[in-house]
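Here is a short briefing to read alongside the model. Take a moment with the sequence and structure, and then we can walk through a few strands and helices together.

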Amino acid sequence: MTVFEVWAPRPESVRLDLEGVVHSMTRSPHGWWRADVPAANGARYGFLLDDDPTVLPDPRSPRQPDGVHARSALHTLDPAGWTDAVWTGRPLAGAVYYELHIGTFTPEGTFDAAIERLDHLVGLGVTVVEVMPVNAFDGPHNWGYDGVLWYAVQESYGGPDGLQRFVNACHARGLAVCLDVVYNHLGPSGNYLPRFAPYLTEGRNTWGQSLNLDGLQSDHVRGYIIDNALRWLRDFHIDALRLDAVHALVDRTATHLLAELAVATERLAAHVRRPLTLIAESDLNDPKLITPRAAGGYGLTGQWNDDLHHAVHTAVSGERQGYYADFGSLRCLARTLKHGFFHAATYSSFRGRTHGRPIDRGLVPGSALLAYTCDHDQIGNRALGDRPSAYLTDGQLAIKAALVLCGPFTPMLFMGEEWGARTPFQFFTSHTDPDVAAATASGRKKEFAAHGWPEGEVPDPQDVKTFLRSKLDWTEADEPGHARLLSCYRALLALRRDRAELSDPWLTHVSVDYDEAARWIVVHRGTLALVCNLGEDQVAVPIAGLPLLSWESPTVGPSATTVPGHSFTLLDTAPPGPR
């Protein structure tokens, strides 16, 4: 017998449709319906609510072979298919992350095709592959944040079996896998959960209705989220989860959902005997997320650090629009490198209020913050989805890479940045609902029109060409200019692996010198000194040492180093002789 269960307190009756045959279900006092019926793996099924003849997919569907509007399919991963029995995992500290989107990482856009490129990541020096959301969404291509069936793996990528093969292949190469998951909203097309139960509240966030985390019957909604997270970590052997936009989780209970999830994850980690990592994306600059529970925090392992991105990007590029307004000075960059957050109980002109709170640098290591020169948001949320390589020199790209890869934080790369990819990463969708599709395209154009972009220049997210333009062109990596930048990334990551000073996670061990007018900055990591010239003209910096790696050859004197414009050099300032 196969047990079919679904939480559906809203309808008066629920029936199981299994391969076209309708079976009655029995209701429990808490709104769970159950039927025990013989069924084979792969059998199509769904639920009929009250008198509606439409068969709805299972909210906990393990597979959606025909799309999110169709019947679910029974599916169990083959236990014999796992080949990673010796895998012991990777902690966050000391890791190097690489964010990618399965649909655009390769021309084929599948898990199996991505496997063919994993050796490139190993040779680059990556240790963790971070995959943008693969939960089932409407249509064949999407960023992944419009997921509506969180337990199913997107079929166009290869479905659950494809994900199993991908994880196996990563672990065989010593790569951990981090999966991006979205618990703050559901997509606009194919979301049938409210028909079953109060998954959503009346409140809204940027993307739609909020999840019901603290209202009536919210215990089951919280269980739905936590069970989903544990499914990825346990059943699919995922090593880490990136939790999307946790600032949009509205939870007024005594134990926040994130703290509850952290406890459940630690419990599972003890059972599977490998580290399991939770990384938040948060707009709050609140160190409570990554502060240990014993010290009053939620106990998450890490979080993305947009402040560091903004500080690096603005200092190098000169951009100051929107939320970049408070950033750009070398003072700002130095402060962020030493303290993690720039806005830490300081005034944010973009928000029009005081924002953030300082990190206790003696309690929370810098490795708990992920640093990056770009990510899917910082590229894809630009009107044209243009990468920094579209408007910066290779030397400026190299400076940005050096500041991140030689800093005290856990570095993260975005696919293709290592060779300065010229392909954009644009916002794309493939909603099959005509009304949702039209509203998505219109809303995107109007959003950027308000910021001065002609509507005709903003790519239509529903146009398949927008998706195709966003695919990486792997032939670029072998071209001379791109190959030089790629070589620089590999060398920086090799030094980070070989020199303990560069992976030292404690912010208290970082010191920074700079000259705002001359546009140079020096980041000290033990005896190593990263010297960056952000200006166009060569400049003499009052520090000397043995050059280990440079973008352009510097001139090193007894007490100063002359660095060409838009260039960096990494010096070892230790005196000669035994250490």
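How many bridges join strand β22 to strand β23? There are 6 bridges between β22 (residues 510-515) and β23 (residues 520-525), and the two strands run antiparallel. Please keep in mind that this is a predicted model.

**The β22-β23 hairpin**
- β22 and β23 form a hairpin, with 4 residues between them.
- In the turn, Arg519 has a positive phi of about 65°.
- Asp515 stands opposite Trp520 in β23.

**An open sheet**
- The order β1-β5-β4 describes an open sheet of 3 strands with antiparallel pairing.
- β1 (2-7) and β4 (26-27) are at the edges with a single partner strand each, so one side of each has no neighbour in the sheet.
- β4 pairs with β5 (residues 32-37) over 2 bridges in the antiparallel sense.
- Thr26 stands opposite Arg34 in β5.
- As background, strands of a sheet pair through backbone hydrogen bonds.

**Helices α11 and α14**
- The axes of α11 (residues 394-405) and α14 (residues 480-498) come within 10 Å and cross at roughly 15°.
- Angles under 35 degrees count as roughly parallel, and α11 and α14 are therefore roughly parallel to each other.
- Their crossing, that of α11 and α14, is right-handed.
- Residues making the contact include Leu397, Ala401 and Leu405 of α11, and Leu485, Cys488 and Leu492 of α14.
- The residues of this contact between α11 and α14 divide into 11 nonpolar, 1 polar and 2 charged.

Note on methods:
Residues numbered from 1 in each chain as written. Predicted model: local features only at pLDDT ≥ 70, side-chain atom pairs only at ≥ 80, totals over all residues. Heavy atoms only, no water. Pairing = 2+ DSSP bridges. Axes fitted to C-alpha atoms, helices over the stretch in contact; angles between N-to-C directions. Parallel < 35°, antiparallel > 145°, perpendicular 65-115°, else oblique. Left-handed = near helix turned anticlockwise from the far one by under 90°. Contact = heavy atoms within 4.5 Å. Nonpolar A, V, L, I, M, F, W, Y, C, P; charged D, E, K, R; others polar.
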